[in-house]
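Colleague: I have not looked at this structure before. Could you take me through it by question and answer?

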Amino acid sequence: MADCIFCRIVAGELPADVVARTPRCLAFRDLDPKAPTHVLVVPVDHIDHAGELGPEHADMLAEVFDTARTVAEGDGVAASGYRLVFNVGDDAGNTVPHLHLHVLGGRPMAWPPG
Ligand code: 5GP
Ligand code: ZN
């Protein structure tokens, strides 16, 4: 996906503040953070969004969630708590069409989100 910004970050063609890297995923800080910790965990291989996931993605997803925990521990928010979010579609506010797990922490968060 040559025109996908997250594919380009994964490929090293665009800069990003990378905090973790595994064979199947990359974690980098959100450009416009909504919390003191706001990291995006993305799969290396392009997939549009969480609505496209199937059993064949089980290994990749396990790595994404494992990386999210590593990020939370690294930022010191594992004990205080953090939120994991996949946005799907317009009503959820999905803007980048490359699967990404938001890792948000470092402040109390309202539920339901606004
Ligand atoms: P979505 O709304 O699609 O769930 O989340 C997309 C996120 O990507 C937003 O929080 C936005 O701030 C972030 N974002 C958009 N473009 C870039 C970029 O070029 N670099 C980084 N690090 N984050 C980006
Ligand atoms: Zn992509």
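Colleague: How far from an oxygen atom of ligand 1 does a backbone N or O atom of Gly 93 lie?

Modeller: Bear in mind that this is a predicted model. Gly 93 is among the residues that come nearest to ligand 1, out of 18 around it. The distance from a backbone N or O atom of Gly 93 to an oxygen atom of the ligand is 2.7 Å.

Colleague: Which residue has an N or O atom in its side chain 2.8 Å from an oxygen atom of ligand 1?

Modeller: The residues that come nearest to ligand 1 include Thr 95, His 100 and His 102. For Thr 95, the atom lying 2.7 Å from a ligand oxygen is a backbone N or O. The side-chain atom at 2.8 Å belongs to His 100.

Colleague: Which protein donors does the zinc ion (ligand 2) have?

Modeller: Along the chain, the donors follow the spacing C-x2-C-x38-H-x51-H. They lie 2.0 to 2.3 Å from the zinc ion (ligand 2). By name and atom, they are Cys 4 (SG), Cys 7 (SG), His 46 (ND1) and His 98 (ND1).

Colleague: What is the geometry of the site of the zinc ion (ligand 2)?

Modeller: Four donors count as tetrahedral if all angles lie between 85 and 135 degrees. Among the four donor atoms of the zinc ion (ligand 2), the angles are 103 to 117°. The site is therefore tetrahedral.

Colleague: Why is strand 2 largely enclosed by the rest of the structure?

Modeller: Strand 2 covers residues 25-29. It is largely enclosed because, of its five residues, the number buried is four.

Colleague: In which sense do strand 1 and strand 2 pair?

Modeller: Strand 1 (residues 18-21) and strand 2 form a hairpin, with three residues between them. Val 18 stands opposite Phe 28, and Arg 21 has Leu 26 as its bridge partner. Over three bridges, the pairing is antiparallel.

Colleague: Which residue in strand 3 is the bridge partner of Ala 27?

Modeller: Strand 2 is also joined to strand 3 (residues 37-43), by five bridges. These two strands run antiparallel. In strand 3, the partner of Ala 27 is Val 41.

Colleague: Is His 57 buried or exposed?

Modeller: His 57 lies in the loop between strand 3 and helix 2 (58-74). Apart from neighbours within four places in sequence, His 57 is in contact with Ile 47 and Glu 52. Its relative accessible area is 19%, and the cut-off is under 20%, so His 57 is buried.

Colleague: Which residues is Gly 81 in contact with, leaving aside its neighbours within four places in sequence?

Modeller: Gly 81 is found in the loop between helix 2 and strand 4 (82-85). With a relative accessible area of 29%, Gly 81 is partly exposed. Its C-alpha atom is separated by 15 Å from that of Lys 34, 47 residues apart along the chain. The contacts of Gly 81 are Gly 105 and Gly 106.

Note on methods
Residues are numbered from 1 along each chain as its sequence is written. Chains are lettered from A and ligands numbered from 1 in the order in which they are written. This is a predicted model: local features need pLDDT of at least 70, side-chain atom pairs count only at pLDDT 80 or more; totals for chains, interfaces and linings use all residues. Side-chain values use heavy atoms; hydrogens and water are left out. Buried means under 20% relative accessible area, exposed over 50%, partly exposed in between (1.4 Å probe, protein chains only). Two strands pair if DSSP finds at least two bridges between them. Contact means heavy atoms within 4.5 Å. Donors are N, O and S atoms within 2.8 Å of the metal (3.2 Å for Na, K and Ca); water is not among the atoms, so sites may look incomplete. Four donors count as tetrahedral if all angles lie between 85 and 135 degrees; four count as square planar and six as octahedral if opposite donors are over 155 degrees apart and all others between 65 and 115; anything else is irregular. A residue is near a molecule or strand if one of its heavy atoms lies within 4 Å of it. A polar contact is a pair of N or O atoms within 3.5 Å; within protein, one must be able to donate a hydrogen and the other to accept it, and residues adjacent in sequence count only if both atoms are side-chain atoms.
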